Each structure stands twice: as C-alpha cells, then as structure tokens.
Amino acid sequence: MTTDSARQRPVLTTDNVRRRPDLTTGGVRRRTVLAICVTSIFLVGLDTTVVNVALPSVGGELRLAITDLQWAIDAYTLVLASLLITSGALGDRIGRRRVFRIGLVLFAAGSVACALAPSIGALVAARALQGVGASMLTPVALAIVVGTVTDARERARVIGVWAAVFGLSMAAGPLLGGALIGGLGWRAVFWANLPIVAVVLVLTFRFVPESRSPRARRLDLPGQVLLTMLVGATVAVLIEGPRWGWTAPSLLAGYAVIAAVLGAFARVETRRAEPLMDLGLFRRPAFAAAVGGAVAMFVALNVTLLLGTLYLQQVRGMSPLAAGVVTLPMALAAMVFAPLSGMLVGRVGPRLPLRIAGTATMIGGALLIGLGDRTPMVMLLVAYLFLGVGIGFANAPITNTAVSGLPPARAGVAAGIASTSRQVGAALGVALAGGLLAEVAPGGLAAATRPGWALVALCGAAVLLAAQVSPTLHTAK
C-alpha cells in the first residue's frame with residue numbers, strides 16, 4: 001500500500017533528475033548511487049556463474065546427471081534473459097527505484113529457496129525466482145546510473161566501472177563459490193546473498209531517488225510471452241538434444257516450435273506501436289554488432305566456466321576452492337581491464353576495445369584446444385588470463401554502444417536489450433558446453449571439451465567482426 005509520504009515524494013524523470021533536499025548533488029552522491037547499483041549488478045553476475053563450481057557438489061548430494069545440473073544454471077539465466085526488457089520498460093513506466101526494490105526482495109526470496117531446496121525440481125524453481133528478481137535489477141540499475149550522469153565521456157567512464165564490476169562478478173563466481181563450498185557446503189553460496197541484499201535495500205531507501213521515463217511505454221505482453229517461449233525452447237533443445245538424440249521426434253517437434261514462435265514474434269513485434277523489442281534497431285550495424293558481440297562473449301565465458309570447472313574437479317581431482325583459484329587470473333584481468341576499456345571508449349570509441357577483446361578471447365580458446373589429462377597448469381592459467389582480458393575489454397564498448405543507440409528516455413529498454421543479449425549468450429553457452437559432456441565418463445572428459453575451446457576461439461573471431469562495424473567516437477556520442 002502506498003503511504004502519504006510516498007505519494008508526496010517527487011517523481012523524477014531521466015531528463016531532469018531532481019534530488020531530495022537532504023542529499024548532496026555532487027560527485028560524492030553520484031558515486032554513492034553508482035556503488036549501490038553496481039553492488040546489485042555484482043550479485044546478478046555472481047549468481048550467473050557461482051553455481052558452476054558447485055555443480056559436482058550439488059550433483060553428488062542430489063544424485064544428478066550433467067543434463068539436470070545444466071537446468072540449475074539455465075533456469076536462472078533463461079528467466080533473466082526473457083524478462084530483462086520488460087523489467088526495464090516497467091521501471092521506465094512505474095518508477096525505477098520501486099522496481100529495483102521489488103527485484104531485491106524477489107532475489108533474496110529466491111536465494112533462500114535455493115539454499116533450502118531438497119530436490120532438483122525445487123532448486124530449478126528457486127533459481128527461476130532468483131532470475132525474476134535479477135531481471136529487475138540489471139536494466140534498472142544501469143538506467144538509474146545513466147540517468148544520473150549526462151555527460152557522454154563521463155558516462156562512458158561510469159559504464160566502464162559498471163562493466164568492471166559485472167565482468168568481475170561473472171569471472172569471480174567460481175573463486176568465491178569455491179571458497180564458500182569448501183568451508184560451508186554448496187548451500188552457503190545462496191545464504192551469502194542475504195546480508196548483501198539487506199544492505200543494498202536499506203541504502204536504496206536512503207540514497208536512490210525515484211525516476212521514470214517522461215513518456216510511459218505500454219507493456220508488450222504478447223511479445224514477452226513469445227520471447228520467453230523462444231529462449232526457453234532453444235535452450236531446452238540444446239540441453240536435451242544430446243540425451244534424446246538430435247533426430248528424435250521430440251527434438252524435431254522442438255525445432256518446429258522454435259521456428260513457429262520466431263515467426264510469430266517477428267510478426268507481433270513489427271506490428272506493435274511500442275514493441276518489446278524494436279526489431280528495426282537491428283538494421284543498424286552498430287546496434288546489431290553490440291548485441292551479437294555480447295552473445296558471443298558470454299557464450300565464450302560460460303563455456304569456459306562450465307568446461308573448466310568440471311575438468312578441474314573431475315579430471316584433475318581439485319577441490320572446489322582449488323578449482324576456483326585457477327580462475328583467479330581471469331577474475332583479476334576482468335577487474336583491471338574493464339575500467340581501462342571504459343576510458344578507451346570515452347576517448348577513441350568502442351572499436352579498439354572490442355578488437356582487443358576479440359583477439360584475447362581467440363588466443364585464450366586456442367590455447368586449450370589440445371587440452372588433455374596432464375596439460376601443464378600454467379597453460380590453463382595463461383588461457384584464463386587471456387579470457388579475462390577479453391571479458392574486461394568487451395563489456396564497456398558493448399554496453400555503451402547499446403545504450404547510446406536509443407533515446408535517453410528509453411534507457412531502461414536500452415539496458416534491457418544489452419543485458420538480454422548477455423544472458424542469452426550465458427544460457428546458450430551453458431547448454432552448448434553441457435551438451436559436449438553429456439554421457440561422457442571422467443576418463444574421456446578432457447578430450448570431450450576440445451570442441452568447446454574451439455567454440456570459444458570462434459566467439460573471439462565473432463567479436464572481432466563486431467568491432468569492424470562498431471561506431472567511432474564521433475558516431476558513438
């Protein structure tokens with residue numbers, strides 16, 4: 001229920017964000033809002049990858065196959081990817097701070113349900129609830145930040161910080177997860193979210209002003225349903241295909257469903273005045289490059305994390321913590337190079353950072369194509385280092401290009417499209433990597449991962465292609 005005091009609070013727009021009189025309006029306040037928002041982004045990214053290192057422990061306790069374990073990851077990313085754009089538009093419409101707070105509460109509730117899950121079905125449902133909450137955090141948090149910083153160059157630097165935290169959270173998931181699992185068990189991964197959510201929720205009430213788009217958009221419910229069906233069916237086919245057989249009747253039906261839903265989605269979106277996803281944007285090479293580059297980078301990241309985690313624990317016999325430590329070069333590189341990428345975007349545009357990201361990702365994947373049971377550990381560390389460089393340099397130019405491609409009043413939708421492409425890539429990466437290892441015994445696991453490392457290198461090549469059509473500094477402003 002809305003209180004009288006809540007009704008009296010001024011509603012702020014993206015173009016004219018007025019602050020409450022008891023708060024400062026300078027750089028300190030902007031940094032406080034940025035810290036609140038990026039903390040929530042850290043949680044969203046962390047829970048995308050932290051479960052990877054827990055998979056052997058979860059599978060051992062609940063007696064699950066790799067296919068079942070994939071759903072424990074993709075239930076989260078699938079729901080997150082499907083709802084991001086609607087959540088961004090909802091924040092533009094009814095208030096970003098309001099949607100942000102709801103997302104925090106749902107994310108915390110999903111975390112509790114995950115920690116208490118007695119079975120794979122309960123865990124998958126709880127992860128889906130987490131995904132609903134996370135979908136309300138990612139685009140809304142970025143829209144709040146973008147609405148607070150109006151200068152193009154400063155915004156590029158701020159997005160660099162945001163990208164650094166997001167990239168770090170994705171890359172650091174296995175390390176932090178391994179530390180928690182080694183001491184307290186896999187359920188501690190989810191319990192650890194609660195104190196952070198509590199602090200962010202309190203600070204949000206105190207420091208984050210309400211804001212919304214000056215012109216409210218209608219919610220596209222038919223488009224939302226069709227997008228969820230499209231992403232869900234695609235991921236289901238990729239996960240279950242190796243187990244059922246790619247020519248099984250159920251898979252053939254799945255292909256037909258994907259084609260039909262894709263066609264229906266295109267028809268619905270092109271006929272609506274305010275579609276969920278403006279498909280006309282994809283005719284612009286820069287925007288299409290940003291989306292394609294995001295998908296490719298997050299396929300590469302999630303293939304790396306899933307294949308690497310299972311290889312290190314099941315082939316090399318490492319503990320969850322030791323397996324997480326091996327990924328440390330990737331986490332550190334993502335943290336160090338993302339701010340540099342943001343500065344480069346502000347000075348020279350997104351093309352150079354994307355070229356660096358694509359090249360580093362290609363090298364990282366190529367180094368592991370010949371992975372074997374006794375591959376020197378230094379080879380894995382160097383490969384993870386290059387992949388971390390790729391992640392660090394990719395996020396800022398992708399995000400900046402996508403957000404700059406739409407009017408400021410639609411910042412939530414812009415952020416939603418950029419984030420959706422990342423999470424679709426994450427879901428596809430998990431599905432593709434898991435498919436390589438389905439029904440594979442530990443003795444053949446190393447060899448089974450090799451096509452996955454080739455895929456990582458190809459994703460780097462795709463990012464290089466995206467760089468060729470990315471805007472220069474002049475066109476990115």
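Modeller: Happy to! Helix 16 gives the most to the nonpolar patch, with 3 residues. Keep in mind that this is a predicted model.

Colleague: Which residues make the nonpolar surface patch, and what is its area?

Modeller: The patch is made by Ile363, Leu367, Val378, Met379 and Val382, and its area is about 340 Å². Helix 15 (351-367) and helix 16 (377-404) each supply at least two of its residues.

Colleague: Let's pick valine 378. Where does it sit, and is valine 378 buried or exposed?

Modeller: Valine 378 is in helix 16. It counts as exposed because its relative accessibility is 54%, and the cut-off for exposed is over 50%.

Colleague: How does the lining divide into nonpolar, polar and charged?

Modeller: The lining has 15 nonpolar residues, 3 polar ones and no charged ones.

Colleague: Speaking of charge, how many salt bridges does the structure hold?

Modeller: There are 2 salt bridges. In one of them, the side chains of arginine 187 and glutamate 61 meet, at 2.8 Å from N to O. This pair links distant parts of the chain, 126 residues apart: arginine 187 is in the loop between helix 7 (152-184) and helix 8 (188-191), while glutamate 61 is in helix 2 (residues 27-62).

Colleague: How exposed are arginine 187 and glutamate 61?

Modeller: Arginine 187 is partly exposed, with a relative accessible area of 22%. Glutamate 61 counts as partly exposed too, at 44% relative accessibility.

Colleague: Which residue forms a salt bridge with aspartate 220?

Modeller: That's arginine 272, and the closest N and O atoms of the pair are 3.0 Å apart. This pair also links distant parts of the chain, 52 residues apart. Aspartate 220 is in the loop between strand 2 (211-212) and helix 10, and arginine 272 is in the loop between helix 11 and helix 12.

Colleague: Why does aspartate 220 count as buried?

Modeller: Aspartate 220 counts as buried because its relative accessibility is 3%, and buried means under 20%.

Key: Residues are numbered from 1 along each chain as its sequence is written. This is a predicted model: local features need pLDDT of at least 70, side-chain atom pairs count only at pLDDT 80 or more; totals for chains, interfaces and linings use all residues. Side-chain values use heavy atoms; hydrogens and water are left out. Ala, Val, Leu, Ile, Met, Phe, Trp, Tyr, Cys and Pro count as nonpolar, Asp, Glu, Lys and Arg as charged, and the others, Gly among them, as polar. Patches are made of residues with over 30% relative accessible area and no salt bridge: like charges are joined within 9 Å, nonpolar side chains (Val, Leu, Ile, Met, Phe, Trp, Tyr) within 5 Å. Accessible areas come from the Shrake-Rupley method with a 1.4 Å probe; for residues, only the protein chains shown count as cover. A salt bridge is a side-chain nitrogen of Lys or Arg within 4 Å of a carboxyl oxygen of Asp or Glu. Helices (H or I, at least four residues) and strands (E, at least two) are DSSP runs, numbered from the N terminus. Buried means under 20% relative accessible area, exposed over 50%, partly exposed in between (1.4 Å probe, protein chains only).
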